[in-house]
Amino acid sequence: MVLVGGDITEFGAPLAYSVENMERLRRLGPVAAVHGNHDYKANVRELDDKLNQLGVKLLDNEAIRLEQHGHFIWLVGWDDYSSKRTNVKLAMNEPQQEPACTIVLTHDPLALRKAELQGIDLVLSGHTHGGQIYLPGYGPLRTSKFYRKYLSGWHTFTGLKGSTALFITKGFGTSHIPLRLFCKPEAHFITLRSGIDGRIS
């Protein structure tokens with residue numbers, strides 16, 4: 001399954017480019033996605049129409065069951081945080097009623113700060129671009145204290161209630177200027193395995 005963590009397009013970018021990219025991903029397998037802040041700066045309705053035509057599942061503060069061999073896990077999508085569209089309570093309603101391994105896909109890791117994390121096994125996120133312009137000995141040229149701490153890679157995130165595993169990708173795109181420095185774009189292959197206690201590792 002292919003998971004896309006938002007910023008599928010941006011203001012001024014030809015929508016055809018995004019459609020072509022998603023068509024290629026769709027050939028690999030089922031695709032699920034959430035919106036990012038740049039999607040809302042573009043024509044998000046037109047984007048959503050195109051994605052729906054391609055069979056991409058947009059997770060707009062909702063959960064879906066991924067079932068196989070009589071077992072299932074939850075894949076939950078939180079809408080974009082910086083656009084004030086995240087509704088954790090709505091998105092987590094079904095997983096809380098029927099607990100199972102739960103994976104959350106959200107564009108911005110900042111959404112975790114005030115969320116109840118109990119019952120969430122893994123959060124997949126992006127938004128940071130890994131700093132985008134990274135200076136040796138200094139770090140990311142322009143980013144806040146929170147994103148310096150949670151810039152990319154694996155973390156254990158402890159929130160107001162509970163903690164969870166968090167993975168932040170550097171992604172492919174850029175912000176403000178079309179340049180990356182010491183911050184290569186990346187995609188990831190993640191394999192889930194059931195543990196002895198039935199949890200995912």
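In which loop does H129 lie? H129 sits in the loop between β7 (122-125) and β8 (134-135); strands here are DSSP runs of E with at least two residues, numbered from the N terminus. This is a predicted model, where local features need pLDDT of at least 70, side-chain atom pairs count only at pLDDT 80 or more, and totals for chains, interfaces and linings use all residues. Residues are numbered from 1 along each chain as its sequence is written, and side-chain values use heavy atoms, with hydrogens and water left out.

H176 lies in the segment after β11 (163-168). Accessibility is sorted into buried (under 20% relative accessible area), exposed (over 50%) and partly exposed in between, with a 1.4 Å probe and protein chains only.

| Residue | Phi | Relative accessibility |
|---|---|---|
| H129 | near 60° | 13%, buried |
| H176 | about 75° | 68%, exposed |

Now to the sheets. Six strands form an open, mixed sheet in the order β4-β5-β6-β7-β11-β10. β4 (62-68) and β10 (153-158) are at its edges with a single partner strand each, so one side of each has no neighbour in the sheet. Two strands pair if DSSP finds at least two bridges between them; β4 and β5 (residues 71-78) pair antiparallel over seven bridges, and E67 has F72 in β5 as its bridge partner.

Another open sheet has three strands in the order β1-β2-β3, paired in parallel. Three bridges join β1 to β2 (residues 31-33), and V2 stands opposite V31 in β2.

Technical notes
Helix = DSSP H or I, 4+ residues; strand = E, 2+ residues; numbered from the N terminus.
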